Amino acid sequence: QVQLVESGGGLVQPGGSLRLSCAVSRSIFSFTVMNWYRQAPGKERELVARISSGGSTAYADSVKGRFTISRDGAKNTMYLQMNSLKPEDTAVYYCNAYAVNNYWGQGTQVTVSS
C-alpha cells in the first residue's frame, strides 16, 4: 500500500512563506504525475500544482509566480514552496500521486492570517 504523508503546514501572516513536504513510501518516479490539491471550507477541492514523471510542471492561475512544485528522488519527497501567501490560500493541502491508482495523503492545514 502506497503511503503519502504531508507536513509543513501551519499559521503564517499574509506575505509570508511555507514549504510543504509530501513523503512517499515508494519511488516518486514510479508515478505518472504528482499533484498538490487544496480545499478551503465550503469549497471544492482544487488542483494547485502538478509535476509529471518527466519533470514538467503546471500551476493554477491563482498561484502562478508564488508557488513552486519540486521533488527530490533521493528522498522520495515532493515539495510545494509557497511564497507571498494570501488569506485566500487558507485551506487543507493534499498531495496526490497517480499511477493506475490514485493515492492521497491525509492533508495539512495552511492558515494565512494576521
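In what order do the elements of the chain run from the N terminus on? Color by secondary structure: β-β-β-β-β-β-β-β-β-β-β. The chain has 11 strands and zero helices. Both are DSSP runs numbered from the N terminus: strands are E with at least two residues, helices H or I with at least four.

This is a predicted model, where local features need pLDDT of at least 70, side-chain atom pairs count only at pLDDT 80 or more, and totals for chains, interfaces and linings use all residues. Residues are numbered from 1 along each chain as its sequence is written, and side-chain values use heavy atoms, leaving out hydrogens and water.

Zoom out to the C-alpha trace. Along its principal axes it spans about 40 × 25 × 25 Å. Now color by burial. Buried residues (under 20% relative accessible area, 1.4 Å probe, protein chains only) make up 41% of the 114 residues.

Next, select Trp36, Leu80, Met82 and Tyr93. They have the most contacts inside the largest nonpolar core, which has 31 residues. Such a core is a set of buried Ala, Val, Leu, Ile, Met, Phe, Trp, Tyr and Cys residues joined through side-chain atoms within 4.5 Å. Show the strands that each supply at least two of its residues, including β4 (33-39), β8 (77-82) and β9 (91-99). β9 gives the largest share, five residues.

Stay on Met82. Leaving aside residues up to four places away in sequence, Met82 touches Gly16, Ser17, Leu18, Leu20, Arg66, Phe67, Tyr93 and Val110. Contact means heavy atoms within 4.5 Å.

Last stop: contacts across the whole chain. Of those with a separation of 6 or more, 51% join residues 24 or more positions apart.

Notes: Buried means under 20% relative accessible area, exposed over 50%, partly exposed in between (1.4 Å probe, protein chains only).
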